[in-house]
Amino acid sequence: MSFLPFTAESTANTPQHVPYGAPDSQKILENLDPEQRRVGSELDGPMCVLAGAGTGKTRAITHRIAYGIAIGRYVPQRVLALTFTARAADEMRLRLRALGADGVQARTFHSAALRQLRYFWPRAVGGTEPTLISHKAPLISEAAQRLRLSTDKATLRDFASEIEWAKVNLHTPDTLNSAIKGRSLPAGIDEQTMVRLFRAYEELKDERNMIDFEDVLLLTIGILEDDPSIAAEVHKQYRHFIVDEYQDVSPLQQRLLDAWLGDRDDLCVVGDASQTIYTFTGATSRYLLGFRHKYPHAHVVKLVRDYRSTPQVVHLANSLLKTRRALPDATPGRWAEPLELISHKPRGPEPQWFGYNDDEEEARGIAEDVQDLITKDGIAPSEIAVLFRTNSQSAAIEQAFNDVGVPYQLRGAEQFFSRPEVKNAYVQLRSAASSAESGSVVQNVSDILYSLGYTPQAPSSSGAVRQKWESLAALVSMAERMERERHEAQEHNPDLPDLTLQEFVGRLHQRMEHQDAPILNGVTLASLHSAKGLEWEAVFLAGMNEGLMPISYAQDADDIDEERRLLYVGITRAKSYLTLSWSRSRTPGGRGNRRRSRFLAPIAPIPE
């Protein structure tokens with residue numbers, strides 16, 4: 001696998017790099033707000049961008065990269081932009097291309113590390129390259145059997161999470177025991193048993209020449225820290241670093257970033273401590289909050305102009321954060337205040353608040369309100385989401401949606417690309433792409449999928465026929481979106497070529513590899529965690545009860561604060577319509593002694 005797109009010698013005397021067809025450098029900054037313009041234009045030294053929800057952080061950092069390339073400060077191939085999801089990396093590459101900034105490496109930490117590990121393995125380690133496992137459960141199950149531990153599917157999942165937490169916090173079987181004292185462990189096992197299970201898992205991997213995703217980062221770090229010549233090669237290759245969602249960096253990822261940087265400080269990080277919701281996986285906001293302590297000369301820019309949500313939604317989000325305790329910013333005696341967002345959208349409807357008698361009544365109420373938004377307000381189902389704290393809450397909502405005939409998609413459930421009609425569609429599209437002539441990609445895709453059952457109008461029937469149509473329609477919608485985005489980009493950069501069927505199929509293949517399903521024409525049902533980074537015109541936050549929000553096992557102050565941040569993330573997914581609801585009983589006819597979430601008391605306009 002190629003790691004270096006060109007040799008250092010071939011670019012030793014590279015002049016200022018201005019890509020063919022790139023827009024004028026000042027035009028790149030033209031439509032940015034004052035704070036975004038600072039992010040885009042202040043290229044010297046480290047920069048910390050504190051970016052609230054909906055403030056255009058991706059826009060700011062992609063324009064920063066494009067501007068740096070346009071003025072000759074950056075060479076595209078020497079820029080490494082790091083994100084946390086393949087979807088975000090793909091989105092960043094598309095935006096950069098639209099700005100005339102082709103060639104920039106936009107990758108996840110794991111993708112970038114794996115690419116380097118494979119490239120340097122023969123030189124740094126030698127021998128057969130290890131096999132990367134996609135799931136830990138089979139090996140953990142075998143390790144547990146060696147220790148005579150009984151397991152089930154849920155326990156294996158919990159053990160895997162515990163091992164991942166240990167590794168991203170840089171613990172080994174030799175150091176884990178002291179780190180987990182007092183920690184609640186899966187299946188009620190003690191610290192020594194957890195250490196023994198961790199050790200047995202690691203030994204199994206070594207015996208079979210296997211590595212997991214955390215090992216990819218650990219091995220890359222080891223190579224860079226132990227081999228100065230390889231480290232120098234990487235330092236020469238990558239000179240400018242941008243890290244998105246920096247509040248979710250783990251100690252393992254930070255150590256890898258430090259190894260990539262060396263003694264340099266050409267680093268721009270972007271994040272929001274108020275959206276740190278993955279500490280259970282090892283993520284921590286302390287690197288973001290302590291950035292100014294590590295780099296006292298860093299530029300610090302706050303993005304607080306919210307272009308996503310109405311003033312009513314923004315006011316509620318701000319009010320929620322004002323009820324939390326301050327976060328230490330890793331500097332003694334100083335505290336990090338949450339960003340206070342300022343909406344730049346017209347006023348919209350006030351958030352709605354509903355208390356129901358039981359979960360079923362709540363689900364029916366949500367389904368009926370969603371139906372009204374679709375039929376009376378003309379909001380597309382794909383622009384509506386119902387978010388909840390735990391996946392078990394979805395069953396009642398699914399049933400209520402089925403009862404009223406509202407289409408929905410359960411995010412994270414069935415793998416979209418495993419559906420037979422999607423597999424067949426991909427084969428047909430790939431075959432056609434090899435000989436396709438120029439023309440409308442949307443029309444080409446529609447024509448090809450017509451033979452598989454696609455029609456412009458949805459079928460009146462439900463069940464399998466409806467699902468098949470929705471799958472094919474999602475592919476057509478993906479083509480429509482890509483073609484629309486390309487036309488918009490051509491307005492700023494006329495030299496961009498038209499979208500081709502080959503390019504569409506290539507993008508579809510990338511999304512298949514990352515299981516990044518296109519948007520279906522249905523209401524999204526999703527957990528609050530899985531909604532991070534997404535947005536909808538209307539959002540319903542269901543089950544706002546004690547025991548769910550905050551979750552029952554959130555006991556100490558840090559856990560409660562994280563639950564509050566999770567609710568903040570949910571609120572800030574809404575563009576215009578926001579509804580929060582709770583129920584007094586789990587089942588019809590119950591005692592009705594459930595309490596509304598403590599987070600709502602200071603911000604809700606109605607009593608419990």
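1. Strand β6 (residues 240-243) and strand β7 (residues 267-271) pair in the parallel sense over 3 bridges, where pairing requires at least two bridges found by DSSP, and within this pair Phe-241 stands opposite Leu-267 of β7. Strands (E, at least two residues) and helices (H or I, at least four) are DSSP runs numbered from the N terminus. The model is predicted, with local features needing pLDDT of at least 70 and side-chain atom pairs counting only at pLDDT 80 or more, while totals for chains, interfaces and linings use all residues. Residues are numbered from 1 along each chain as its sequence is written, and side-chain values use heavy atoms, with hydrogens and water left out.

2. Both strands belong to an open sheet of 6 strands in the order β3-β2-β6-β7-β1-β8, with parallel pairing. Because β3 (105-108) and β8 (299-303) stand at the edges with a single partner strand each, one side of each is left without a neighbour in the sheet.

3. Helix α12 (residues 251-261) packs on the sheet and touches β2, β6 and β7, contact being heavy atoms within 4.5 Å. The direction of α12 makes about 160° with that of β6, where angles run from 0 to 180 degrees between N-to-C directions, and axes are lines fitted to C-alpha atoms, for helices over the stretch in contact.

4. The structure holds 0 disulfides, a disulfide being a pair of cysteine sulfur atoms within 2.5 Å. The sulfur of Cys-48 lies 8.3 Å from the closest cysteine sulfur, in Cys-268, which is too far for a bond. Cys-48 counts as buried at 2% relative accessibility, and Cys-268 is buried with a relative accessible area of 1%, where buried means under 20%, exposed over 50% and partly exposed in between (1.4 Å probe, protein chains only).
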